[in-house]
Amino acid sequence: MADKNNLIVYCEYEDGKVADVSLELLTKGRQLADKLGIKLEAVVAGDNLKDIEKQIFPYGVDTIYKVEDARLYPYTSLPHSSILINLFKEIEPRIAFMGATSIGRDLGPRVSSALHSGLTADCTSLEIGDYTDAKTGTEYKDLLYQIRPAFGGNIVATIVNPECRPQMATVREGVMKKEVRDSNYTGKVVDLKASDYTSPEDFVVNIIDRHVEKSKVNLKGSPIIVAGGYGVGSKENFELLQQLADTLGAEVGASRAAVDAGWVEHERQIGQTGVTVRPKLYIACGISGQIQHIAGMQDSSLIISINSDPNAPINTIADVVITGKVEDVLPKLIKYYKKNSK
Amino acid sequence: MSLNIIVLAKQVPDTRNVGKDAMKADGTVNRAALPAIFNPEDLNALEQALKLKDMYPGTKVTLLTMGPGRAAEIIREGLYRGADDGVVLSDRAFAGSDTLATSYALATAVRKIGNFDLIIGGRQAIDGDTAQVGPQIAEKLGLPQVTYAEDIIKAENGKVTVKRRIEAGVETVTAPYPLVITVNGSADDCRPRNAKATMKYKYAAAPSEVAADEAKKELLDKKPYLRIGEWSAADVDADLAQCGLAGSPTKVKGIENVVFTAKEARNVEPTDEALEDLIKELIANHTIG
């Protein structure tokens, strides 16, 4: 099977569907593979993978490595790691991507440690470019630029792996765009036997209970988001955001500072280390606008910033700026919406 | 039945308030310029260890951290809250480590500590948010791992039962120990300082912290439990080629302060009239309603 030096995406699979984040990575992978003149590959491990290629090929995938075994679903760390480690030793990918999910962030580091390859977590952008080592003067052509926020989102760093392969990166769901390359695209399927890539000792972790709790929060799907930051000032004031959200049929979001302050649940965090959103209307209440937050909401169609500080950084990307206190402005918005909406 | 638990902890710069001098030209963090705190999820990890200590009397909780000498501050904090011992792994050779080189160094220190059943750490640290060090240490030590733990329910007869919090919901798993567990921020908060422990460990220190103070040095000799372990790369027999910048496959090519495209914003006064007009406008153009 010695088709080496390609770009491979680890695809997650649940309830008969390939995860969105994996399809987003295939889309990005196809673009980069074209640029490098290499093939795009996918690897998927699990149970009941019957028609999975139909979902994967349209993204421009040339080879699918399929490992089907009842013991591979639900995901556990060791067998999936062993599959990737052993497969990567064989096919020596140049680049490998996985979702920055609880699976990808569990699997990626383990694989990178075993292969001594570099891994960059939660990339927000992936590009191809050259690199010169400042110390040795060695030039490297066509490396993967793994671009990610660092330091709580206060800066953005470009990371490269000059020597080690594969160059590995994880990306959160919703950061890259998902786009079918060609609905008739086909490649080859390579069926692998789990027993060739795992050992019996890999199956020591047993899942004794698993219940799906659908998140009550649906930030990504909400056309209107009312988000609060540290400037909201208190948990009580966050209630006002909820009232406005209920009135408008919106979802409540938050910046990291508000989550860290304990005013709102973690799953509502918007930004590079939370959810990336693109709603029709984004109402930012008391959010100063750190890069880490702005990067997760700047593509909103209309941004209204309510802040007592007229110089809050978020105001530079807002469409409408209301300089005032959140607790004064929100009740008025609620009142006038109720008055005018019939 | 008692357990030996190693808790991995990191002293991190408080990234919630970062100034412009926070990064050095080579892309590494200028730690000296920032207030340092106990990484929040490592406190969640410590709580899980202390809870197990309550459940299984005789359990020993040892904190392990890597960082500059001042990282002994978080070991002291851990002792005040109920940990039994602590080690700071500190050496210039570790400077500039990426996650892989960090895991390598910590794995060597874990081997030196030796006797352990569980290694528990926070899922990730707030200065990097990578969540990579836990699984990488597990791999380096050839151990299983359970990440995203919310509750370590029990550890008996060689098996742990752990509740995990993942996107899809909640999963309960059993796994044999020794193993590595990383704990989510959704787990219980860490208990506060214990008054008795705080008294007992008030003068706990790493030798380098008291090097200039004869009286305090003497105290460490007289009461060995006050001595916070301080290990260098040589002490843990680390291969220098795998440490620090040399042992890091990832390199920082560059860092940028991102400038977002500024828009011309319209200012709306917070008056009743102006806000009502805004609402009417948003309803009229079908943004809301």
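Tutor: Start between the chains. This is a predicted model. In it, strand β18 of chain A (residues 320–323) runs parallel to strand β13 of chain B (residues 266–268).

Student: What makes β18 of chain A and β13 of chain B a pair?

Tutor: Two strands pair if DSSP finds at least two bridges between them. Here there are 3 bridges, in the parallel sense. One residue to look at is A:Ile322, whose bridge partner in β13(B) is B:Val268.

Student: How many residues of each chain are in contact with the other chain?

Tutor: 75 residues of chain A contact 69 residues of chain B. On the chain A side, 37 are nonpolar, 24 polar and 14 charged.

Student: Which strands form the open sheet, and in what order?

Tutor: The order is β8(A)-β9(A)-β10(A)-β12(B), with antiparallel pairing. The sheet's edge strands are β8 (125–132) of chain A and β12 (251–256) of chain B.

Student: What makes those two edge strands?

Tutor: Each of them pairs on one side only. Neighbouring strands in this sheet are turned by 35° against each other on average, direction ignored.

Student: How do you know that β10 of chain A pairs with β12(B)?

Tutor: The cut-off is at least two bridges. Strand β10 of chain A (residues 155–160) and β12(B) share 5 bridges, in the antiparallel sense. A:Val156 stands opposite B:Glu256 there. Helix α1 (residues 20–36) of chain A packs on the sheet, touching β8 and β9 (139–150) of chain A. The direction of this helix makes about 30° with that of β8(A).

Student: Why is helix α4 of chain B called largely enclosed?

Tutor: Count its buried residues. Helix α4 (residues 133–141) of chain B has 9 of 9 buried, so it is largely enclosed by the rest of the structure. Among them are B:Val133, B:Gln136, B:Glu139 and B:Lys140.

Student: What covers the buried residues of α4(B)?

Tutor: The cover includes α4 (104–115) of chain A. From chain B it includes α3 (99–113), β6 (118–122), β7 (145–156) and β10 (179–183). Just after α4(B), B:Gly142 has a positive phi of about 65°.

Student: How do you know that the span of helix α7 of chain B agrees with its 13 residues?

Tutor: At 1.5 Å a residue, α7 of chain B (residues 272–284) should span 18 Å, and its end C-alpha atoms are 18 Å apart, so the two agree.

Student: Which residues of α7(B) are buried?

Tutor: B:Leu275, B:Ile279 and B:Leu282. They cover an arc of only 65° around the axis, which puts them on the same side of α7(B). An α-helix has 3.6 residues a turn, so residues three or four places apart point the same way. B:Glu273 and B:Ala284 are exposed on the other side of α7(B).

Student: What do the buried residues of α7(B) pack against?

Tutor: α9 (326–340) of chain A and β13 of chain B. Just after α7(B), B:His286 takes a positive phi of about 60°.

Student: Why is A:Glu251 called buried?

Tutor: The cut-off is 20 or more other C-beta atoms within 10 Å. A:Glu251 has 22, so it is buried. A:Glu251 lies in strand β15 (residues 251–254) of chain A. Leaving aside neighbours within four places in sequence, its contacts include A:Val217, A:Leu219, A:Ile225 and A:Ala245. The C-alpha atoms of A:Glu251 and A:Val226 are 6.2 Å apart, though 25 residues separate them along the chain.

Terms used: Residues numbered from 1 in each chain as written. Chains lettered and ligands numbered in written order. Predicted model: local features only at pLDDT ≥ 70, side-chain atom pairs only at ≥ 80, totals over all residues. Contact = placed C-beta atoms within 7 Å. Nonpolar A, V, L, I, M, F, W, Y, C, P; charged D, E, K, R; others polar. Helix = DSSP H or I, 4+ residues; strand = E, 2+ residues; numbered from the N terminus. Buried ≥ 20, exposed ≤ 12 C-beta atoms within 10 Å, placed from the backbone. Expected span 1.5 Å × (residues − 1). Arc of directions from axis to C-beta. Axes fitted to C-alpha atoms, helices over the stretch in contact; angles between N-to-C directions.
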